[in-house]
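Reader: I am new to this one. Could you show me the structure and take my questions one by one?

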Amino acid sequence: MKVLIIGGSIAGLSAANSLRNRNIDFVIFERGRKRAPKNGGGIAVHNDTIDYLKTFPVDLERLNEILYPMPVQLDNNKNGGIIRMGDIPFHSAHWAEVYNLLADSIPLEKFCFGKELVNVTQTGDGVEAEFKDGTKIKGSVLIGADGILSTVRKLVFSDDIVRYAGYFAWRGILPKEELSEELPKDTFILEMSGSCHAVIYHLGNRINWLVYENVDNGKEVYTTQEQVLGKISRDATEQELLDFKQMVSKEFRPLLAELFTKTPLPFINHIYDRDPANHYRKERVLLIGDAAHPVTPHFIRGSNMAIQDGYFVGKLFDSDHKKWFSDFEKQRVQECNDNVRIAKQLGRLKQGLILSGKDWTLQTNAKEFAEIAGDGIVPKFIEE
Ligand SMILES: Cc1cc2nc3c(=O)[nH]c(=O)nc-3n(C[C@H](O)[C@H](O)[C@H](O)COP(=O)(O)OP(=O)(O)OC[C@H]3O[C@@H](n4cnc5c(N)ncnc54)[C@H](O)[C@@H]3O)c2cc1C
């Protein structure tokens with residue numbers, strides 16, 4: 001059995017680690033020319049995900065060092081008043097540190113960089129991947145771990161429609177000593193201002209933050225992958241930065257406005273997902289991670305699902321690929337698709353957008369929000 005993995009990021013690397021545990025032969029094809037640079041932002045890692053990571057052949061001491069405890073969630077109103085708090089099963093980590101941990105445990109000869117997949121052909125006894133440089137590689141099965149704008153999904157599943165959520169995220173990281181006052185440590189802070197919201201948490205001595213801003217009154221847009229290319233993550237223009245500084249000074253309390261405006265070069269992530277799919281497999285091809293179930297960030301599940309998918313790729317391995325992929329779907333489809341739906345709902349609620357015909361303004365509806373949000377925290381309400 002030879003497994004071709006397309007995409008060498010969180011999902012692809014997790015699958016590779018898990019296949020290593022089972023001594024299954026694999027090769028990772030990544031269109032990037034080298035290992036990912038040390039960029040990106042923070043991610044919240046679920047305690048279950050940490051248990052899965054611990055089964056991989058990674059450096060466990062280093063795993064402990066890159067995870068920071070984050071057992072509490074605080075939901076604040078616009079003035080910083082606590083409206084809800086609860087226990088959450090998460091740690092925080094920097095995306096690049098998780099990436100490096102996963103990548104460093106894979107032998108270099110298992111990576112092929114600069115390989116952009118352009119075609120997939122399935123034959124009775126195998127699969128052939130064709131790359132932009134003209135090379136063709138044969139394998140027994142192919143795993144598409146090539147992210148939200150998955151070429152594998154487009155080619156094999158004839159699905160290239162993504163959903164723009166109607167808003168984007170500003171993201172940044174500031175060393176904590178640069179802020180004039182301390183923010184609560186070990187805490188996931190959700191700051192809701194009615195028509196936008198912010199997320200703030202520590203990464204050791206750094207403070208990671210996101211501010212979500214509606215576009216065109218939060219209008220959702222279904223579009224093709226081609227129309228999105230290059231527009232997911234980008235640097236802000238000077239004018240956008242100026243407008244952002246004005247906006248956060250109006251929408252958030254002074255300490256948070258200071259955090260957001262002091263951060264050098266925050267970047268922009270446009271928020272997309274896809275409607276849930278019923279199948280992640282087709283004959284000898286399996287989708288995992290964002291290629292299978294891209295999700296908005298509000299249920300903090302994207303990277304977690306990518307790692308968990310990877311874990312189950314190895315755990316459920318069977319030399320009969322039909323059984324292997326069918327067992328994978330049984331294990332993953334329902335849970336992942338539920339996460340996509342919950343995250344979509346949470347995003348619209350937190351952005352004060354209309355959901356099922358009702359207009360939510362969170363600042364005054366915290367209890368109602370908690371009742372329908374389904375975000376998994378056990379709330380203890382603080383009266384305003
Ligand atoms: C604002 C924001 C905040 C987030 N916060 C969190 C969080 O707190 N917690 C969390 O769990 N998740 C979070 N996520 C989600 C998380 O970033 C993604 O879900 C996760 O990184 C998906 O990993 P992946 O490996 O499936 O895809 P990707 O990371 O997109 O990797 C796909 C890989 O495939 C490669 N590739 C693409 N096309 C080809 C091709 N044709 N040929 C070869 N290679 C190809 C790409 O170069 C890339 O390396 C957040 C996302 C956003 C936008």
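**Ligand shell, helices and loops**

Author: The residues of the shell around the ligand divide into 13 nonpolar, 12 polar and eight charged. Here Ala, Val, Leu, Ile, Met, Phe, Trp, Tyr, Cys and Pro count as nonpolar, Asp, Glu, Lys and Arg as charged, and the others, Gly among them, as polar. This is a predicted model: local features need pLDDT of at least 70, side-chain atom pairs count only at pLDDT 80 or more, and totals for chains, interfaces and linings use all residues. Residues are numbered from 1 along each chain as its sequence is written.

Reader: Which residues come nearest to the ligand?

Author: There are 33 residues around the ligand. A residue is near a molecule or strand if its C-beta atom, placed from the backbone, lies within 6 Å of it. Those that come nearest are Gly7, Ser9, Gly147, Gly289 and Gly302.

Reader: Which element gives the most to the shell around the ligand?

Author: Helices (H or I, at least four residues) and strands (E, at least two) are DSSP runs, numbered from the N terminus. Elements that give two or more residues include α1 (10–21), β2 (25–30) and β3 (42–46). The most, four residues, comes from α9.

Reader: How do α9 and α10 run relative to each other, roughly parallel or roughly antiparallel?

Author: Two packed helices are described by the angle between their axes and the distance between the axes. Axes are lines fitted to C-alpha atoms, for helices over the stretch in contact, and angles run from 0 to 180 degrees between N-to-C directions. The axes of α9 and α10 (residues 321–350) come within 10 Å and cross at roughly 175 degrees. Angles under 35 degrees count as roughly parallel, over 145 as roughly antiparallel, 65 to 115 as roughly perpendicular and the rest as oblique, so α9 and α10 are roughly antiparallel.

Reader: Which residues of α10 does α9 meet?

Author: Contact requires C-beta atoms, placed from the backbone, within 7 Å. The residues of this contact divide into five nonpolar, two polar and two charged. From α9 come Met305, Asp309, Phe312 and Val313, and they meet Phe328, Gln331, Arg332, Cys336 and Asn339 in α10.

Reader: How many residues of α1 are buried?

Author: A residue is buried if 20 or more other C-beta atoms lie within 10 Å of its own, exposed if 12 or fewer, and partly exposed in between, with C-beta atoms placed from the backbone. Among the buried residues of α1 are Ile10, Leu13 and Leu19. Their cover includes β1 (2–6), β2, α4 (95–104), β10 (141–144) and α9. Of the 12 residues in α1, the buried ones number 10.

Reader: Is Ile300 buried or exposed?

Author: Ile300 is found in the loop between β19 (285–287) and α9. Its phi is near 40 degrees, a positive value in a residue other than glycine. Because Ile300 has 22 C-beta neighbours inside 10 Å, it counts as buried.

Reader: And Ser158, buried or exposed?

Author: Ser158 sits in the loop between α5 (151–157) and β11. Phi of Ser158 is positive, near 50 degrees. Ser158 has 8 other C-beta atoms within 10 Å, so it is exposed.

Reader: Which residues does Asn205 touch?

Author: Asn205 lies in the loop between β13 (197–203) and β14 (206–214). Its C-alpha atom is separated by 6.1 Å from that of a residue 30 residues apart along the chain, Pro175. Not counting residues up to four places away in sequence, Asn205 touches Pro175 and Lys176.

Conventions: Two residues are in contact if their C-beta atoms, placed from the backbone, lie within 7 Å.
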